[in-house]
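Let's take a walk through a protein model together. Keep the sequence and the 3D view open as you read.

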Amino acid sequence: STLDWVSAFAQRPEAARVLLIATFRPSGIDQERSVRAVSDALLTRGHCSVIDLTPLDEGAIVEYVQRRFPSGDQRVSLTALARRLHAHTGGNPLYVVNVLADLIARQVLTPLHEEWAVHGDVARIDLGVSDDLRRTIERQIDRLPTGHRALLEAGGVAGTTFPAAVVPAG
(Lines give C-alpha, C1' and ligand atoms only; values in the text may rest on other atoms or scores of the structure.)
Protein backbone atom coordinates (compact mmCIF):
# COMPACT_ATOMS: atom_id res chain seq x y z
CA SER A 1 0.00 0.00 0.00
CA THR A 2 2.90 2.38 0.70
CA LEU A 3 4.38 1.74 -2.74
CA ASP A 4 1.01 2.36 -4.36
CA TRP A 5 0.68 5.66 -2.49
CA VAL A 6 4.22 6.80 -3.39
CA SER A 7 3.63 5.91 -7.03
CA ALA A 8 0.26 7.72 -7.20
CA PHE A 9 1.52 10.76 -5.27
CA ALA A 10 4.60 11.16 -7.45
CA GLN A 11 2.52 10.97 -10.63
CA ARG A 12 -0.23 13.43 -9.65
CA PRO A 13 -0.79 16.16 -12.27
CA GLU A 14 -0.56 19.25 -10.05
CA ALA A 15 2.75 20.77 -8.98
CA ALA A 16 3.81 20.75 -5.34
CA ARG A 17 6.93 21.66 -3.41
CA VAL A 18 7.40 18.36 -1.66
CA LEU A 19 10.47 16.30 -0.88
CA LEU A 20 9.70 12.71 0.00
CA ILE A 21 12.57 10.65 1.29
CA ALA A 22 11.91 6.94 1.42
CA THR A 23 14.19 4.13 2.47
CA PHE A 24 13.81 0.40 2.30
CA ARG A 25 15.69 -2.70 3.22
CA PRO A 26 14.62 -5.51 0.92
CA SER A 27 13.11 -8.33 2.91
CA GLY A 28 12.43 -10.57 -0.04
CA ILE A 29 12.80 -10.87 -3.78
CA ASP A 30 9.16 -9.89 -4.49
CA GLN A 31 9.41 -6.75 -2.35
CA GLU A 32 12.66 -5.72 -4.02
CA ARG A 33 11.13 -6.24 -7.47
CA SER A 34 8.12 -4.10 -6.50
CA VAL A 35 10.27 -1.27 -5.16
CA ARG A 36 12.53 -1.42 -8.23
CA ALA A 37 9.51 -1.37 -10.57
CA VAL A 38 8.07 1.74 -8.90
CA SER A 39 11.42 3.53 -8.71
CA ASP A 40 12.24 2.66 -12.35
CA ALA A 41 8.86 4.04 -13.50
CA LEU A 42 9.40 7.24 -11.53
CA LEU A 43 13.01 7.57 -12.73
CA THR A 44 11.99 7.40 -16.40
CA ARG A 45 9.55 10.28 -15.80
CA GLY A 46 12.12 12.31 -13.86
CA HIS A 47 10.08 12.11 -10.67
CA CYS A 48 12.71 10.61 -8.39
CA SER A 49 16.36 9.98 -7.68
CA VAL A 50 17.69 6.72 -6.30
CA ILE A 51 20.72 6.53 -4.06
CA ASP A 52 21.98 3.00 -3.48
CA LEU A 53 23.94 2.88 -0.26
CA THR A 54 27.23 1.05 -0.21
CA PRO A 55 28.74 -0.72 2.80
CA LEU A 56 30.63 1.42 5.30
CA ASP A 57 34.37 1.48 4.84
CA GLU A 58 36.75 0.80 7.71
CA GLY A 59 37.32 4.49 8.40
CA ALA A 60 33.58 5.15 8.72
CA ILE A 61 33.18 2.30 11.21
CA VAL A 62 36.18 3.48 13.23
CA GLU A 63 34.71 7.00 13.34
CA TYR A 64 31.26 5.67 14.30
CA VAL A 65 32.67 3.57 17.15
CA GLN A 66 34.84 6.45 18.41
CA ARG A 67 31.90 8.86 18.42
CA ARG A 68 29.37 6.46 19.91
CA PHE A 69 31.73 5.10 22.55
CA PRO A 70 33.99 7.88 23.87
CA SER A 71 36.96 6.03 25.27
CA GLY A 72 39.93 8.11 26.44
CA ASP A 73 42.50 5.53 27.55
CA GLN A 74 40.70 2.73 25.66
CA ARG A 75 40.84 4.55 22.29
CA VAL A 76 43.42 2.14 20.85
CA SER A 77 41.37 -0.90 21.91
CA LEU A 78 38.14 0.52 20.50
CA THR A 79 39.87 1.41 17.23
CA ALA A 80 41.19 -2.15 16.95
CA LEU A 81 37.70 -3.45 17.75
CA ALA A 82 36.21 -1.22 15.03
CA ARG A 83 38.69 -2.58 12.48
CA ARG A 84 37.79 -6.17 13.40
CA LEU A 85 34.13 -5.19 13.24
CA HIS A 86 34.59 -3.94 9.67
CA ALA A 87 36.28 -7.18 8.62
CA HIS A 88 33.59 -9.25 10.37
CA THR A 89 30.55 -7.39 9.00
CA GLY A 90 31.77 -6.35 5.57
CA GLY A 91 30.65 -2.82 6.45
CA ASN A 92 26.94 -3.67 6.64
CA PRO A 93 25.50 -1.03 9.03
CA LEU A 94 22.76 -3.35 10.33
CA TYR A 95 25.35 -5.97 11.27
CA VAL A 96 27.69 -3.37 12.80
CA VAL A 97 24.98 -2.02 15.12
CA ASN A 98 23.78 -5.52 16.07
CA VAL A 99 27.26 -6.84 16.85
CA LEU A 100 27.97 -3.78 19.01
CA ALA A 101 24.64 -4.21 20.84
CA ASP A 102 25.53 -7.87 21.43
CA LEU A 103 28.96 -6.91 22.82
CA ILE A 104 27.25 -4.51 25.23
CA ALA A 105 24.71 -7.18 26.25
CA ARG A 106 27.56 -9.62 26.92
CA GLN A 107 29.42 -6.89 28.84
CA VAL A 108 32.44 -7.09 26.56
CA LEU A 109 31.92 -3.39 25.90
CA THR A 110 30.86 -1.46 29.02
CA PRO A 111 30.49 2.13 30.18
CA LEU A 112 33.03 3.14 32.77
CA HIS A 113 32.17 6.56 34.23
CA GLU A 114 31.97 8.89 31.18
CA GLU A 115 33.92 6.53 28.90
CA TRP A 116 33.62 3.03 27.43
CA ALA A 117 35.95 0.11 27.99
CA VAL A 118 36.66 -3.09 26.08
CA HIS A 119 37.10 -6.14 28.30
CA GLY A 120 39.45 -8.79 27.04
CA ASP A 121 41.91 -9.13 24.20
CA VAL A 122 40.38 -7.45 21.15
CA ALA A 123 41.92 -10.05 18.83
CA ARG A 124 40.15 -12.86 20.73
CA ILE A 125 36.71 -11.33 21.27
CA ASP A 126 34.00 -13.46 19.69
CA LEU A 127 32.09 -11.06 17.43
CA GLY A 128 29.74 -13.81 16.30
CA VAL A 129 26.16 -13.12 15.27
CA SER A 130 23.67 -11.93 17.86
CA ASP A 131 20.46 -13.92 18.38
CA ASP A 132 18.39 -10.99 17.07
CA LEU A 133 20.44 -10.78 13.90
CA ARG A 134 20.40 -14.56 13.47
CA ARG A 135 16.57 -14.52 13.64
CA THR A 136 16.43 -11.67 11.11
CA ILE A 137 18.66 -13.58 8.71
CA GLU A 138 16.65 -16.80 9.22
CA ARG A 139 13.40 -14.94 8.41
CA GLN A 140 14.96 -13.58 5.22
CA ILE A 141 16.18 -17.03 4.21
CA ASP A 142 12.76 -18.55 4.95
CA ARG A 143 11.19 -16.09 2.48
CA LEU A 144 13.46 -17.21 -0.36
CA PRO A 145 12.21 -19.59 -3.04
CA THR A 146 13.20 -23.23 -2.52
CA GLY A 147 15.86 -23.14 -5.24
CA HIS A 148 17.59 -20.13 -3.72
CA ARG A 149 17.59 -21.73 -0.27
CA ALA A 150 19.12 -24.91 -1.71
CA LEU A 151 21.85 -22.81 -3.32
CA LEU A 152 22.59 -21.11 0.00
CA GLU A 153 22.73 -24.47 1.75
CA ALA A 154 25.16 -25.84 -0.85
CA GLY A 155 27.35 -22.76 -0.43
CA GLY A 156 27.14 -23.04 3.35
CA VAL A 157 28.35 -26.64 3.26
CA ALA A 158 31.11 -25.86 0.75
CA GLY A 159 32.53 -23.00 2.82
CA THR A 160 33.45 -19.38 2.22
CA THR A 161 35.07 -19.99 -1.16
CA PHE A 162 34.44 -22.93 -3.46
CA PRO A 163 34.61 -23.86 -7.15
CA ALA A 164 31.49 -23.22 -9.24
CA ALA A 165 31.20 -26.97 -9.91
CA VAL A 166 30.18 -27.46 -6.28
CA VAL A 167 26.91 -25.53 -6.79
CA PRO A 168 25.20 -27.97 -9.20
CA ALA A 169 26.48 -30.88 -7.12
CA GLY A 170 24.85 -29.33 -4.04
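The side chains of which two residues meet in a salt bridge of 2.4 Å, N to O? They are Arg135 and Asp132. Before going further, keep in mind that you are looking at a predicted model. Find helix H6 and you will see both partners there, 3 residues apart, or about one turn of the helix. Arg135 counts as partly exposed because its relative accessibility is 41%, and Asp132, with a relative accessible area of 46%, is partly exposed too.

Asp132 also has a part in a meeting of helices. Helix H5 (residues 93-105) packs against helix H6 (residues 131-142) at an angle of about 145 degrees, and the two axes are 9 Å apart. On the H5 side you can look for Leu94, Tyr95 and Asn98; on the H6 side, their counterparts are Asp132, Leu133 and Ile137.

Now let's return to salt bridges. The whole structure has 5 of them. Another one joins the side chains of Arg67 and Glu63, at 2.9 Å from N to O. These two are 4 residues apart in helix H3, so about one helical turn separates them. Arg67 is exposed, because its relative accessible area is 64% and the cut-off for exposed is over 50%. Glu63, at 40%, is partly exposed.

Glu58 and Arg83 meet through their side chains in a salt bridge of 3.2 Å, N to O. This pair links distant parts of the chain: Glu58 belongs to helix H3 (residues 58-68) and Arg83 to helix H4 (residues 75-89), 25 residues apart. Both ends are partly exposed: Glu58 has 33% relative accessibility, and Arg83 has 44%.

Next, turn to the surface. Trp5, Val18 and Leu20 form a nonpolar patch there, and together they have about 300 Å² of accessible area. Leu20 sits in the loop between helix H1 (2-10) and helix H2 (29-44). With 43% relative accessibility, Leu20 counts as partly exposed.

Our last stop is helix H7 (residues 146-158), where you will find Gly147. Is Gly147 buried or exposed? Gly147 counts as exposed, because its relative accessibility is 53%.

Key
Residues are numbered from 1 along each chain as its sequence is written. This is a predicted model: local features need pLDDT of at least 70, side-chain atom pairs count only at pLDDT 80 or more; totals for chains, interfaces and linings use all residues. Side-chain values use heavy atoms; hydrogens and water are left out. Patches are made of residues with over 30% relative accessible area and no salt bridge: like charges are joined within 9 Å, nonpolar side chains (Val, Leu, Ile, Met, Phe, Trp, Tyr) within 5 Å. Accessible areas come from the Shrake-Rupley method with a 1.4 Å probe; for residues, only the protein chains shown count as cover. A salt bridge is a side-chain nitrogen of Lys or Arg within 4 Å of a carboxyl oxygen of Asp or Glu. Buried means under 20% relative accessible area, exposed over 50%, partly exposed in between (1.4 Å probe, protein chains only). Axes are lines fitted to C-alpha atoms, for helices over the stretch in contact, and angles run from 0 to 180 degrees between N-to-C directions. Contact means heavy atoms within 4.5 Å.
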